[in-house]
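Hi,

Here is the structure I promised to pass on.

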Amino acid sequence: MRTWRILAITAALATLASTSGTQLSWGQAAVEPLAPGQGESDSGSVVHSWALAPAVADPSRGGSRANLSYEVAPGAEVKDEVTLFNYSNVQLTFRLYATDALNNEDGSFDLLPGDRKPTGVGTWVTLPQENITLGPRSQATMPITVRVPSVAGPGDHAGGILASSRAEGTGPDGKVIALDRRTGSRIYIRVAGKLAPELTVERLRADYQPALSPLGGTAKVTYRVENRGNVRMGGKQRVSVSGPFGLARKRKAAVDLPELLPGEGVTLRATFKNVSATGVAIAKVQLDPVPGDKKVRNVARDSGRSVALAVPFSVLALVLAIWLLLRARRSYLRHQREEALLGNGSRR
């Protein structure tokens with residue numbers, strides 16, 4: 001049986017936390033109905049909808065938090081609260097757990113699958129219980145404790161707290177599948193110490209595909225951007241391809257780079273059409289890093305360069321054909337002259 005994961009982690013969920021204000025002691029969850037007007041309306045069908053977000057310390061002030069964010073020293077302990085909202089019109093049972101964050105294949109923020117054990121931030125978070133059942137249109141506010149190891153390295157560490165609800169569904173082939181539906185809140189922890197921002201271009205490669213026209217080739221550029229520092233980093237990326245000395249240069253507009261967590265990376269690609277075959281195609285990538293917060297400054301740029309052969313085969317083929325024709329013509333004329341000389345000699 002295959003498991004499908006639906007992961008929805010968005011800052012918009014944090015605004016839902018403004019309804020939570022229950023005071024409780026550490027180690028238990030407080031369950032209460034949602035405020036009037038919240039939740040899904042009855043429509044005759046079963047509705048599954050929920051959210052988990054940071055709790056608001058003082059709901060009367062109307063504030064909200066986009067995520068769980070802390071700046072701490074190694075060995076510190078932080079106590080906080082999160083609120084789980086069941087907007088469904090049915091009772092649901094949720095699995096509550098913390099896990100580690102990563103960047104997926106396209107560079108987006110993601111979290112480990114539910115069946116993988118965390119080794120980082122996910123092990124730093126303690127929840128009062130692993131499972132909780134909420135009736136329709138109800139909410140529960142619960143405490144969390146974040147214990148940062150004394151050996152935690154300086155810089156940014158990321159994870160998430162999730163509320164997961166399993167259900168059965170039907171796959172494209174008609175078979176019954178298990179759906180692991182998850183939603184939650186991100187956790188960002190900045191551990192005190194020396195910050196070392198570093199974003200690099202790695203594995204840059206250029207490939208040139210010639211066309212019938214020497215001006216119509218295609219250049220494909222593949223490269224990887226890696227965060228080798230200890231700070232969350234985004235930025236701008238600029239890619240170009242040209243011939244020798246910048247001849248027939250083509251550029252892509254600057255594109256935002258997804259924010260990469262420390263130790264993570266993303267493989268990127270760029271395609272250029274109608275690239276002239278000038279002998280070589282020189283691909284260049286320039287990174288302009290942008291840290292995850294304004295406290296990090298003076299981040300060095302990085303760039304990469306790769307060269308591919310861009311031979312105008314159609315032109316070479318035409319030149320070769322002309323040379324062969326000229327050679328054949330010279331051979332034919334020489335043969336004609338030799339025959340003419342032999343003819344004159346026989347008449348004498």
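Let me start with R137, which is partly exposed at a relative accessible area of 25%. By that I mean a value between the two cut-offs: buried is under 20% relative accessible area and exposed is over 50%, with a 1.4 Å probe and protein chains only. R137 sits in the loop between β9 (131-134) and β10 (138-147). Its phi is near 55 degrees, a positive value in a residue other than glycine. Most residues other than glycine have a negative phi.

Before going further, a word on where this comes from. This is a predicted model, in which local features need pLDDT of at least 70 and side-chain atom pairs count only at pLDDT 80 or more, while totals for chains, interfaces and linings use all residues. Residues are numbered from 1 along each chain as its sequence is written, and side-chain values use heavy atoms, with hydrogens and water left out.

Now the overall picture. The protein has 1 helix and 20 strands; these are DSSP runs numbered from the N terminus, with helices being H or I of at least four residues and strands E of at least two. Of its 348 residues, 41% count as buried. The accessible surface comes to about 19100 Å², and carbon and sulfur atoms hold 52% of that (Shrake-Rupley method, 1.4 Å probe; for residues, only the protein chains shown count as cover). Among contacts with a separation of 6 or more, 76% are between residues 24 or more positions apart, where contact means heavy atoms within 4.5 Å.

R203 is the other arginine I wanted to show you. R203 also has a positive phi of about 55 degrees although it is not a glycine. R203 lies in strand β13 and is exposed, with a relative accessible area of 63%.

That strand belongs to an open sheet of 3 strands, ordered β13-β14-β18 with antiparallel pairing. Its edge strands are β13 (199-209) and β18 (265-275), each of which pairs on one side only. From one strand to the next, the twist averages 15 degrees (axes are lines fitted to C-alpha atoms, for helices over the stretch in contact, and angles run from 0 to 180 degrees between N-to-C directions). Strand β13 is joined to β14 (residues 217-227) by 9 bridges; two strands pair if DSSP finds at least two bridges between them.

Which strand is largely enclosed by the rest of the structure? It is β3 (residues 50-54), because 5 of its 5 residues are buried. Strand β3 runs antiparallel to β5 (residues 77-86), with 5 bridges between them, and W50 stands opposite N86 in β5.

A few single residues are worth a click:

- Q237 is in strand β15 (residues 233-242) and counts as buried at 8% relative accessibility. The side chains of Q237 and Y223 make a polar contact of 2.4 Å. Such a contact is a pair of N or O atoms within 3.5 Å; within protein, one must be able to donate a hydrogen and the other to accept it, and residues adjacent in sequence count only if both atoms are side-chain atoms. Beyond residues up to four places away in sequence, Q237 touches several others, including A253, D256, L268 and Q286.
- S138 is in strand β10 and is buried, with a relative accessible area of 7%. Its side chain reaches the backbone oxygen of G135 at 2.6 Å.
- P291 is in strand β19 (residues 279-291) and counts as buried at 19% relative accessibility. Leaving aside neighbours within four places in sequence, P291 is in contact with R232, M233, V296 and V299. The C-alpha atoms of P291 and E259 are separated by 8.5 Å, and these two are 32 residues apart along the chain.

Finally, the rings. The structure holds 3 aromatic pairs (rings of Phe, Tyr and Trp, the last by its six-membered ring, with centres within 6.5 Å; planes under 30 degrees apart count as stacked, over 60 as edge-to-face and the rest as tilted). One of them is F109 with Y188, edge-to-face at 6.0 Å centre to centre and 70 degrees between the planes. F109 lies in strand β7 (residues 109-111) and Y188 in strand β12 (residues 176-191), so the pair ties together parts that are 79 residues apart in sequence. Both F109 and Y188 are buried.

Best wishes
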